[in-house]
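Here is a quick tour for anyone meeting this protein for the first time. Have a look at the picture, then read on.

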Amino acid sequence: MKNFGRSAAVLLMTSLALGACGSEPGAGELKPGNWKMSAGMVDMDVPGATPEQQEMFKSSMGEMMSQEQCVTAQEAKFDPDTMAEAFKQGGDCTVGDFDLTDGNIDGKMTCKVPDAGDIDIAITGNIGPEKFSMKATTEMVQDALPEGKANVTMEVTGERIGDC
């Protein structure tokens, strides 16, 4: 499960980078340039986990992975389907309701991930020309989990740090 969390963080950062904008960004679009993106797990709830398992899960929270990436003017405006395509690298995903109004994002996605079961993802946050902040709250359903499910919240942030 720890590996899935890391993979999800990388996929979220990648999908946001793929969702850059054209030359004149507006609400819900990124300004081309060099971006520093960070992602990590901020909350995890595994009903029925032993104290040892809970401690292991807690130890992986707060670890933020960061990367810098050049976002070019040729990349397209943020699109939920682009995010779903990025997630398909790890499983079969379908986009549910998605709203991006005035830079605020609110959406849902469901993924069937090999070795991780079904995962429902709720994504909220805001995207602007110079920075973004999003939370992805997931509910995983997997027989290997103590009570068959777990809830994980990932946070993804990004800030434009200059030209490429």
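A residue counts as buried when its relative accessible area is under 20%, as exposed when it is over 50%, and as partly exposed in between (1.4 Å probe, protein chains only). Keep in mind that this is a predicted model, where local features need pLDDT of at least 70, side-chain atom pairs count only at pLDDT 80 or more, and totals for chains, interfaces and linings use all residues. Residues are numbered from 1 along each chain as its sequence is written, and side-chain values use heavy atoms, with hydrogens and water left out.

Now for the overall build. The protein chain has three helices and seven strands, taken as DSSP runs numbered from the N terminus (helices: H or I, at least four residues; strands: E, at least two). Of the chain's 164 residues, 41% are buried.

What about the cysteines? With a disulfide taken as a pair of cysteine sulfur atoms within 2.5 Å, the count comes to one. The partners are C70 and C164, with their sulfur atoms 1.9 Å apart. C70 sits in strand β2 (residues 65-71) and C164 in the segment after β7 (149-162), so the bond ties together parts that are 94 residues apart in sequence. The torsion about the S-S bond of C70 and C164 is about 105 degrees, so this disulfide is right-handed.

| Cysteine | Relative accessible area | Class |
|---|---|---|
| C70 | 35% | partly exposed |
| C164 | 60% | exposed |
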